[in-house]
Amino acid sequence: MAVNSKNSNRSKGKQAEEVAASYLESKGYTILDRNYYFQHAEVDIVALGDDYIVFVEVKSRKNNDFGRPEEALDYVKQNNVIKAAEAWLHERKMTGAFIRFDVIAITQEDSNKTPDIRHFDNAFQPPV
């Protein structure tokens with residue numbers, strides 16, 4: 001029986017998002033939303049921390065053989081996160097809130113080992 005790599009990748013992505021959410025909570029953030037979709041755009045985690053609404057993109061890899069996870073966040077993906085964040089804020093009538101876009105990069109070669117978690121505050125900005 002063949003393994004569907006798309007479902008396998010989704011499962012790994014969900015696991016990474018769980019790790020990231022737990023990490024954020026351990027740092028005092030409050031998770032407000034997860035996997036918010038707007039049209040074809042998505043925000044992995046929306047959190048409240050340090051008086052900011054933080055929109056978090058989670059990137060993960062098994063190893064760094066093909067680059068670090070955070071390097072996979074290209075301009076198109078950044079714009080999709082920004083688009084979803086704007087919709088999230090609009091729906092909640094919070095368009096004047098202080099916001100930030102963070103990236104959490106997770107590398108975990110073995111599921112039995114502690115993952116390497118790197119949190120990049122204010123990783124990118126919306127175009128002016």
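Analyst: A salt bridge is taken here as a side-chain nitrogen of Lys or Arg within 4 Å of a carboxyl oxygen of Asp or Glu. The model is a predicted one, and the structure holds eleven such salt bridges.

By this criterion, the side chains of glutamate 70 and arginine 118 form a salt bridge, at 3.0 Å from N to O. Glutamate 70 is found in the loop between E3 and H2, while arginine 118 belongs to strand E5 (residues 116–120), so this pair ties together parts that lie 48 residues apart in sequence. Arginine 118 has a relative accessible area of 14% and is therefore buried, the cut-off for that class being under 20%.

Arginine 118 also has a salt bridge with the side chain of aspartate 116, with an N to O distance of 2.4 Å. Aspartate 116, at 37% relative accessibility, counts as partly exposed. Through shared partners, salt bridges join Arg68, Glu70, Asp116 and Arg118 into one network.

A further salt bridge links the side chains of lysine 77 and glutamate 57, at 3.9 Å from N to O. Lysine 77 is part of helix H2 (residues 75–91) and glutamate 57 is part of strand E3 (residues 52–61), so the pair connects parts that are 20 residues apart in sequence. As for accessibility, lysine 77 counts as buried at 19% relative accessibility, and glutamate 57 counts as buried at 2%.

How values were computed. Residues are numbered from 1 along each chain as its sequence is written. This is a predicted model: local features need pLDDT of at least 70, side-chain atom pairs count only at pLDDT 80 or more; totals for chains, interfaces and linings use all residues. Side-chain values use heavy atoms; hydrogens and water are left out. Helices (H or I, at least four residues) and strands (E, at least two) are DSSP runs, numbered from the N terminus. Buried means under 20% relative accessible area, exposed over 50%, partly exposed in between (1.4 Å probe, protein chains only).
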